[in-house]
Structure formats: structure tokens, C-alpha cells
Amino acid sequence: MESLQALKQRLTEIDDLRRATAVLSWDQTTYMPPAGGTARGRQMATLSRLAHETFIDAETGRLLDLVARETESLPYDSDEASLVRVTRRRYDRDRRIPASLVSEIEENAALSYQAWTTARPANDFERMRPYLERTLDLSRRAADCSPGYDHIMDPLIDTHDHGMKASDVRQLFHALRARLEPLVQAIASRPQLDDSPLRKTIPLETQLRFGLEVIRAFGFDFTRGRQDMTRHPFMTRFAHGDVRITTRSRDNDVTDSLFSTLHECGHALYEMGFDPSFEGTPLAGGSSSGVHESQSRLWENLVGRSRGFWEHFLPRMQAIFGRDLDTVSVDAFYRAINRVERSLIRTDADEATYNLHVMLRFDLELDLLEGKLAVRDLAKAWRERFQASMGVAVPDDANGVLQDVHWYHGLIGGQFQGYTLGNILSAQFFATAVQARREIPDDIRRGSFGGLHDWLKENIYRHGSKFTPAELTKRVTGNDLSIEPYMAYLEGKYRPLYGLS
Ligand code: ZN
């Protein structure tokens, strides 16, 4: 198994370069002074190019061939066979992308992000237009590196949600929309829930203290992770022993920072749960964007927005936040955090309307990539389509086309569908967990999460990226991806809340 050791050593060196890039990126979005942007973009581009060049070098292919021969009798789900399979897939894909394109993408992403941090508050879409035009061009060129696709977005989707095509996502979204829109309409016809219990201003340190207490109970390991502040919360992993999350805060909303923390903690628990022996290899990653998002949404929503969770944690929150929250009941608080409202911002959206935000972006991406929509018309198209699907007028681009970081910090296409796939899978996985461990809902009511966390570690986390999302879903739930558990969850939650029959 000398060649296996040689392959792992090579992959670890490549991984070191990639994790160093991740540290630079984390620093850029947390502590770096604004004037550092240009140099940071160049530094990240250099490291990414070096990682890419080393990975796609013929030596990687030679080692892969050797290890593949030595491990061909091993079972499909063995660590060794999985390492070869997953690495080979990435190698074949990445080899088609020239190193110069990788560094162009990385540098453009960093410069565009830096511009976006001031253009969004200034409501200045025009300033972002040249960046976005370049991003669209780079996205097309990246997709074109994979020959023979059915749709230009397919290779971009495949990078994040392997095995899915634009046509699959379209079909799935069509079916989901047909179920979601009537539910959202029915809810809108009912008297609105009161969210005034949330409208208090609590000092940031107090909010953070409570959030950290909750994720400690979830199982977040503070010897292997930490939380910092950022504009657009995210999770990033530097090593098995170093997984970072970030959160944000807002005046006049006692749960905004909390739910960001719970969400990113869900991503972090997944990454903290990979088999430690995968360290340094492509197996130390999530199965897909959709599966990753299923873990963040599971802890944020299925757990954190459940009534049982607040039976335990509302008294704790009241003890920490003090007078302002003393009088609110669990029922009133539960209603407040689950108010459904067609609103402007995706990351603030409730569980019922959230996917409508995602579908809007996905459709715009299809049109941009297909050349049906030009970047110069994007802000206008956003306003028109948002008004048509949400019934809400978009007052400015800061609350419209400029709101999400994605198009300004990467490529156009491939990322947004993962959010909705994650929502769908979160309910499918959670329903399976509760079937296997009937005590989970009672545990949550008692503030005890070990049973759920253990089930997730055993069935999902430890496998890292060994299995494709379709394989993992089948292994874990016995079924293919399905919107039924998700719709059952949403209907079961919102019908009683809004008094719908
Ligand atoms: Zn997420």
C-alpha cells in the first residue's frame, strides 16, 4: 500500500494549500481591513492556482491508477475504494479546467466581493455590473470546460450537487412550487401572527452568550471550533480540529443572531463529524451542497424552530436576556418565530416562503447562462419577477439583486438550488431519525440532543463525501429524494399555527 500512502501525502499537500486559502478567505470576511482586498485577491488566486496545478498534474493520475489497481477487490464503500472513486471524479473534472481560469475566477471573486461590501450598502448595482459581467463570462467558460452537457448549468450544478442536472432541478422545483404556493396563499388569507415578542434590543454579547450555550448543548466542540462576526454568516473548515462559524446581529430582533448561529453550527457539526482518518483527502468534505444545507436547516429549523425546543430554552433565554422577555409564553414565542410573511430578504425568510426566493434566483441564473437575460437588465428583471411571485415591491437593489453574496463572490449558477435541496432533505433525514429513535422529540423538549447528534454522526456525518447525495439519501432513508416528508412537515407545522383546516 505504498502507493496509497504516496497518494494521500500528495492529496494532503494540495489540501494544505486549499485550507490556507480558506483561512485567507475567512480573514477577508471577518477581520481584514478594507484596503487589504487587492493583495488578498492576488494571494488567494496564487494559492488556488498552485493547488489546482498540483492536483491536475499527471503524477496524481499515475498514483490514482496504481491505487485503483491495488484496491479493486475492496468493497465499494471501503475507505480506500471511496477515496479512489471520489478523487478520480474530481481529478477528471478539474483536469479540464486550465489553471489560468482557476486563478482568474479566484481573483475576480475576491475583487468582486470587496466591491460588493460597499456597493450593497450604497445601493449601487451599476458599480457591480462590470464585475458581474466578468463573473457571467467566467461561469460560462468554467461550464464549457465540461464537454457534452445538456444544459450549460449542468456542470456548475454537478460541482456542488453531484448527479443533478438543470432539468432535474427544474422538475423538482415545479412540483414543489405547485404545493408551496397554495400553502403560502392560504396562510396569507388568515390573520397574521404577532411577532412583537421578538422586537426587543438585547446587547450583542448577551445574544451571543445564549447562542453559544445552545450550540454547546447541540454538541459543537469548542476545543475544535469558534465563532466570529461577519456580514454574511458562513462555516469554514481549516482542519478536523479547526472548524469556524460566523454570525451576524441585528437590533430589534432577539433571535436573528441565534438562528444564524444554529444554522452555521449545523454545517459545523457535519464537518466535525467526518471520520478523522479522512483528514487531508477529498473524503473530508460534505456529500453535496444540498446534503450540507440539510444539516444546517435540520438544526436551525426542525430543531430550533420547534415548540419542544423552546419549552426547554425559552426559560433559559428569559434568564439570560432578563426583564424584556419575562412575560412571553412558549406558545406566543413559538408563534412569533414562525410568522410567515412574503418579505424581501432570502436569509430572513420563514420556512414557507424561503424556497420561493431560491427558485427566483435559480430561474434568473438559467436565463443569464442561456443568454436570454443580460447583466444590464438583471436588476430590473429581479424587481419585476419578485413582484410577480411574492406580491412585494422591491424598494431598492440593496434589498433586491444585491442582497446575496453568491453572484459577487464566485460563479453564477450551481449554488442556489442546494438551499432548497437542503430544505427538502432536512425533513426527510429528520423523519428517518425520529422513526429510528422515537425518543428524539422528548429529548429535544428536555434540551438533550445527544441521541439525535449520534444518529446523524453514525448515518451521515462520518461518511464525509464517500457517497453521492443520491446514494446517501437511499442508504439513510431507504428512499430517493422526495418532497413528501418536507411538505408533511410544513403542512403539519403551519396548518395549526394559522388555523387552516
Ligand atoms: Zn447554509
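Author: Arg-475 and Asp-77 meet through their side chains in a salt bridge, 3.7 Å from N to O. The term means a side-chain nitrogen of Lys or Arg within 4 Å of a carboxyl oxygen of Asp or Glu. This is a predicted model, so local features need pLDDT of at least 70 and side-chain atom pairs pLDDT 80 or more, while totals for chains, interfaces and linings use all residues. Residues are numbered from 1 along each chain as its sequence is written, and side-chain values use heavy atoms, with hydrogens and water left out.

The structure holds 51 salt bridges. One of them joins Glu-484 to Arg-179, with the closest N and O atoms 3.1 Å apart. Glu-484 lies in helix H20 (residues 484–497) and Arg-179 in helix H8 (residues 166–188). The two are 305 residues apart, so this pair links distant parts of the chain. Helices here are DSSP runs of H or I, at least four residues, numbered from the N terminus. In general, side chains of opposite charge can pair when their charged atoms come close.

Now the domains. The assignment gives domain 1 (2–119) and domain 2 (166–497); such bounds come from an automatic or database domain assignment. Their centres, taken over C-alpha atoms, are 27 Å apart. Contact, meaning heavy atoms within 4.5 Å, involves 31 residues of domain 1 and 35 residues of domain 2. Together the domains bury about 2700 Å², 57% of it on carbon and sulfur atoms. In domain 1, Arg-19, Trp-26 and Trp-116 lose the most area to domain 2, together 26% of what that side buries. Buried area is the accessible area (1.4 Å probe) that two parts lose on being put together, summed over both. Two salt bridges are found across this interface.
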